[in-house]
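Colleague: I would like to learn how to read helix packing and sheet order from a model. Could we go through one case together?

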Amino acid sequence: MSHVTPTPLLKTDEYWMARAVQLAARGRYTTSPNPRVGCVIVKNNQAIGEGYHIQAGTPHAEVHALRAAGDNAAGATAYVTLEPCSHTGRTPPCAEALVTAQVARVVVAMTDPNPQVSGRGIARLEAAGIAVTQGVLTQQAKALNPGFIKRMETGLPWVRVKLASSLDGKIALANGNSQWITGPAARRDVQRFRAQSCAIITGSGTVSKDEPSLLVRPEQARITDYPLAIVRQPLRVVIDSQQQLSPQRQMFNDGHPVLLVNSHVQTGFAAAVEQFTAPHSPAGKTDLNAVLSELGSRGINELWVEGGAGLAGAFISAGLVDELIIYQAPKLLGDKGLSMVNLPGYEQVNEAPHLKLIDIRHIAQDIRLTYQWVTDGS
């Protein structure tokens, strides 16, 4: 009887691109306004260099990987989660670095969503005689950068609304007490979402009632793979359409930046508080579209909405929410508790927002439910 020695499993383009996606995810807290990108340099079916983008203004993923590979990069294949840039910004173009390194082939998960530069990096590589393969693990690559992609395509950030509720959909008791509906693990999870968000938005009611800092608390977040020595704090955005908040509020005096959205400029605020006068409806409501456009112009990729039922309802009613994240606790607060979200009084069920559940997971004793909006054809 003959014996057949099994051949080693050939590592495919999908295998190496999956590794590049893993690397890119390490920058989820720190790259904005830039996208999260990972790169692996492979030669003779072995990784000879790896890298990911860490922070805007520092080397991109390809540069880190090429430095690790050194002269051995010549003739190798580079796997990159996003089309290598072809323009000079705060750093030199990565497409040119790959050409200089004389790689033989580049595998790209997705093209750059910026319509002004999309395809130019690939064209530069092909003009230099480098073989380019596109579309490997595209969906996984897109999932790394929903905010960057949306901002490039629409000028607006990716909007996540966070709510914490009881099993019967209440966010507080009738007297307003809500500490704590969810457990420590869920609150730690919220800290990590704050950390990866470019900005956090809340309303004047939440600031008045809770005096929140809306800062990332490193000791609570417990992020073990944070790539920088100091945690990057998101921009805090406060909507105060009725000019109810005084300059003495704690959030306005902790030295961290705040963008105060109001109807006219007020005096007496600390230097860290910038004011943005947004358009208002006849009823005095802030135009949230204008606020999102302003944030998009500031390079905000991902916006975390952390307020009460009114603010959540306003974003939902305006059709501005990309994801709804609900932390549901195993508690019953009763019919006199405060409802999770304020929405219009619909006449027909089909008028109500229609959501699809895209993720569900246990966070200790609580459940985190992630929804996206159902649109025509989805």
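**Helix packing and the sheet**

Modeller: This is a predicted model. Helix 2 (residues 61–69) and helix 3 (residues 94–101) pack with their axes 9 Å apart, at an angle of about 20°.

Colleague: How are helix 2 and helix 3 oriented to each other, roughly parallel or roughly antiparallel?

Modeller: Angles under 35 degrees count as roughly parallel, so helix 2 and helix 3 are roughly parallel to each other. Their crossing is left-handed.

Colleague: Which residues meet between helix 2 and helix 3?

Modeller: In general, an α-helix has 3.6 residues a turn, so residues three or four places apart point the same way. Here Glu62, Val63 and Leu66 of helix 2 meet Cys94, Ala97, Leu98 and Ala101 of helix 3.

Colleague: In what order do the strands of the open sheet run?

Modeller: In general, strands of a sheet pair through backbone hydrogen bonds, either parallel or antiparallel. This open sheet has nine strands in the order 11-10-9-8-12-6-13-16-15, with mixed pairing. Strand 11 (273–277) and strand 15 (355–363) are the edge strands, each pairing on one side only.

Colleague: In which sense do strand 6 and strand 13 pair?

Modeller: Strand 6 (residues 158–165) and strand 13 (residues 323–328) pair in the parallel sense, over six bridges. Arg160 has Glu323 in strand 13 as its bridge partner. Helix 7 (residues 184–196) packs on the sheet, touching strand 6 and strand 13 among others, and its direction makes about 160° with that of strand 13.

Colleague: Why is helix 7 described as largely enclosed?

Modeller: Because 10 of its 13 residues are buried, helix 7 is largely enclosed by the rest of the structure. The buried residues include Val190, Phe193 and Arg194.

Key. Residues are numbered from 1 along each chain as its sequence is written. This is a predicted model: local features need pLDDT of at least 70, side-chain atom pairs count only at pLDDT 80 or more; totals for chains, interfaces and linings use all residues. Side-chain values use heavy atoms; hydrogens and water are left out. Two strands pair if DSSP finds at least two bridges between them. Helices (H or I, at least four residues) and strands (E, at least two) are DSSP runs, numbered from the N terminus. Contact means heavy atoms within 4.5 Å. Axes are lines fitted to C-alpha atoms, for helices over the stretch in contact, and angles run from 0 to 180 degrees between N-to-C directions. Buried means under 20% relative accessible area, exposed over 50%, partly exposed in between (1.4 Å probe, protein chains only). Angles under 35 degrees count as roughly parallel, over 145 as roughly antiparallel, 65 to 115 as roughly perpendicular and the rest as oblique. A crossing is left-handed if the near helix is turned anticlockwise from the far one by less than a right angle, and right-handed if clockwise.
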